[in-house]
Amino acid sequence: QTSAGVDQSVLADMVDEDKKGRQVKGYLFPAFLMPPIVKLCSKAASNPVWSTFMLVLIFKTLNQILVFVVQVYGLDDDWVVHTCAACVVGLIHSVVGCSLTYEALRAQGWNFFSQTETFDVAGPNTPLGATAIMISNAYMIYDFSYVLQYDPDPLIILHHFGSMLFLSTTAYFGCGEVASLLCILVGEGTNPATNTYNITKALTQRGVYTGPAIEHYLAAINGVTLLFVRT
């Protein structure tokens, strides 16, 4: 195993698929993209600390770019600007992270209708799974700084701290990625509905958005999504 706990036999099989005359199957990503994605993930998984640091930096840079763009367009409310920027970063993270998470789960034999006997919940981490975990962990670290400054709710702080601890231990011990990936898929799968509602709520509360009242409809959609997906 590598320092990230990635199973070497799994890594070798996935990276060398094209050399064996077969192509790594993609479920959300096109099949021709899977070999370079796997190779990139294997490099990231081989140095998890550095990769996580770089991902945090990418999220923070993206946030600052969004803050600048929003301010250029004339929105000067500091709380609204940073809230909207953080929510957009969250949306981007959820799409990328959930897509890679789904690919990693399918590679492990999981699907929405599979039985628990068809995959190993406590099995060794794979390059795809380890990278998906790093992406979510890096996002939690980045978002933690926003929460402390702009939304210091004790429950949200506890949620972020618990998530970082859970994902970090999975990466450190090198096993149990399926359990972590399922939590990521369920948790981040509701992110688009939640962040769309949060953006609308922030703009409405500060009087920036004065159009048709859609906040309550988005709140209902978010509530239903949380109820049926997370429970």
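Helices here are DSSP runs of H or I with at least four residues, numbered from the N terminus. With that in hand, let's explore this predicted model through a few exercises.

**Exercise 1. Find the helix that holds Val72, and decide whether Val72 is buried or exposed.**

Step 1: Look along helix α3, which covers residues 48–72; Val72 belongs to this helix.
Step 2: Exposed means over 50% relative accessible area.
Step 3: Val72 has a relative accessibility of 55%, so it counts as exposed.

**Exercise 2. Work out which parts of the chain the pair of Phe59 and Tyr139 ties together.**

Step 1: The whole structure has 7 aromatic pairs.
Step 2: One of them joins Phe59 and Tyr139 edge-to-face, with 5.7 Å from centre to centre and 75° between the planes.
Step 3: Phe59 sits in helix α3 and Tyr139 in helix α5, so their pair links parts 80 residues apart in sequence.
Step 4: Buried means under 20% relative accessible area. Phe59, at 8%, is therefore buried, and so is Tyr139, at 6%.

**Exercise 3. Describe the surroundings of Asn137.**

Step 1: Asn137 is part of helix α5, residues 127–150.
Step 2: Its relative accessible area is 9%, so Asn137 is buried.
Step 3: Leaving out residues up to four places away in sequence, Asn137 touches Met164, Leu167 and Ser168.

**Exercise 4. Where in the chain is confidence lowest, and where highest?**

Step 1: The mean is lowest in helix α1 (residues 8–15), at 49, and highest in α3, at 94.
Step 2: For the chain, pLDDT averages 84, and 87% of the residues score at least 70.

Note on methods. Residues numbered from 1 in each chain as written. Predicted model: local features only at pLDDT ≥ 70, side-chain atom pairs only at ≥ 80, totals over all residues. Heavy atoms only, no water. Helix = DSSP H or I, 4+ residues; strand = E, 2+ residues; numbered from the N terminus. Buried < 20%, exposed > 50% of the residue type's maximum accessible area, 1.4 Å probe, protein only. Contact = heavy atoms within 4.5 Å. pLDDT = per-residue confidence, 0-100. Phe/Tyr/Trp six-rings, centres within 6.5 Å; stacked < 30°, edge-to-face > 60°.
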